[in-house]
Amino acid sequence: MSKTAFLAIDLGATSGRAILATLSEGRLEMKEIHRFPNATLEILGKYYWDVASLYLEIKKGLLACAREGVTPASIGIDTWGVDFGYVASDGTLLGLPRAYRDSYTEGIPEKFFAEKLPSDKVYSRAGIQVMNFNTLFQLYAQKLEGSVVQANAAKALFMPDLLSYMLTGNAVCEYTIASTSGFLDPVGKDIDRGLVAETGIDPSLFAKPVFPGTIVGYLTDELARETGLGKVPVVAVAGHDTASAVAAVPAENEEFAYLSSGTWSLMGVELPSPVLTAAAMENNFTNEGGVEGTTRFLKNITGMWVLEQCRKEWKKAGVDYSYPELVKMAQDNDYAGLINPDDPAFANPASMNAAIHDYCIEHGTVPPANDSETVRCIYKSLVERYRVTLEVLGEMAPFKINKLHIIGGGAQNPLMNQWTADALGIPVLAGPSEATAIGNIMIQAQAVGLVKDRWEYRKLIAEAFKPEIYLPAKG
């Protein structure tokens, strides 16, 4: 069998990558060919994503692919959830997409529930964890702002769909990314037009969702010529990065829990249908789309965001800790204070170190005395959130959870993995760390017929990226 190449564009909230992969006789090889920063832009007190810069960086990834002498069978893009951009009736992009960490949605969920629909009605229709930056609340906030961009839009496209549009000129609404919005019907797997209408905008801005593996279109003539790659197809993979990551969990069967660990930590289970019970709503769990029409029943937990913001401050002060150094710092002290990483105080403070200090004082805890204690505080606090979340998840899951798969960057932290296994009392299987890109690639491979379904490529992933096993400490 000849090698088939795929190009995965994996965009996170802080950086992006172009990864060239080849698949041959069940063997997957990956190579990062371009990496670039991604950051929000603050302009006149509002926060945006620089989508033009992202387009240029993706083009650099295409050119890097050409320099490798490889023409990929397809291209797939995944990004973070909820955010979107607008397109005019003539196809022109309208402005810059707002960023989910913009404070303009603070208090909006409460306002929406009071003025439009109560929270239980919204949850029964969308099944989404209430977070102020859900797309539903962003739309309403922009309407209340009197957004001229929104008023003149003909289409609204989620971030991976917007970037695919810029590459091909074709617009789709991919199922997994749409499911992060707060207005996707998780049973019918279509946009709830009535919910969108409650925000005051035209529901026709959002198209009927397509499932992962759908071909969006082909590189525009200009890109085909400029990159030298020709008319390569662009595939709508699982556009939500967590959906792509969960697709790459090297599970043997359906009875597992996962923790996608990165800027956000997302803990959940993969189910054939959504859970829309009172308990799910009370515990603020979310039903998001997965590959092959599955539901990712999960909880969003603030992840390494807190630590990364502290690292930025330390770096400005002249100290740039490596990840192995951070692990050793956490291990070499016995600080016992905890914070709740999901507290609004840690959403986007001017100083994360100061926010941790103030939180501890307000909650009667001695604050960390130095950087090492701060790192241990963050790690231990995350582990405690994992323990509590899994306990609640276990009460709602239709099966007994006997193992946890940790995927994403956090899978490379042996200390956290062991602490998690100890706290949960079940085996933890760590890896692959590149789950999002791998899932992106495997969905492309499925789209061109190289693999049959998610269980076939999960077996391939398990063989290629054998997970590290952490057993809970005895006693």
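User: What makes L11 and L219 stand out in the largest nonpolar core?

Analyst: Of its 72 residues, L11 and L219 touch the most other members. Such a core is a set of buried Ala, Val, Leu, Ile, Met, Phe, Trp, Tyr and Cys residues joined through side-chain atoms within 4.5 Å. Buried means under 20% relative accessible area, exposed over 50%, partly exposed in between (1.4 Å probe, protein chains only). This is a predicted model: local features need pLDDT of at least 70, side-chain atom pairs count only at pLDDT 80 or more, and totals for chains, interfaces and linings use all residues. Residues are numbered from 1 along each chain as its sequence is written, and side-chain values use heavy atoms, with hydrogens and water left out.

User: Which residues does L11 touch?

Analyst: Among them are F36, L54, I58, W80 and L163, not counting residues up to four places away in sequence. Contact means heavy atoms within 4.5 Å.

User: How do you know that R101 sits over the ring of W305?

Analyst: A charge counts as over a ring if NZ of Lys or CZ of Arg is within 6 Å of the ring centre and within 35 degrees of the ring normal. The charged end of R101 is 3.5 Å from the centre of the W305 ring, so it qualifies. R98 lies over the face of Y104, at 3.9 Å from the ring centre.

User: Why do β8 and β9 stand at the edges?

Analyst: The open sheet has the order β8-β7-β9, with antiparallel pairing. β8 (93-94) and β9 (155-158) each have a single partner strand, so one side of each is left without a neighbour in the sheet. Strands are DSSP runs (E, at least two residues), numbered from the N terminus. Two strands pair if DSSP finds at least two bridges between them. β7 and β8 are joined by 2 bridges, so they pair.

Terms used: Helices (H or I, at least four residues) and strands (E, at least two) are DSSP runs, numbered from the N terminus.
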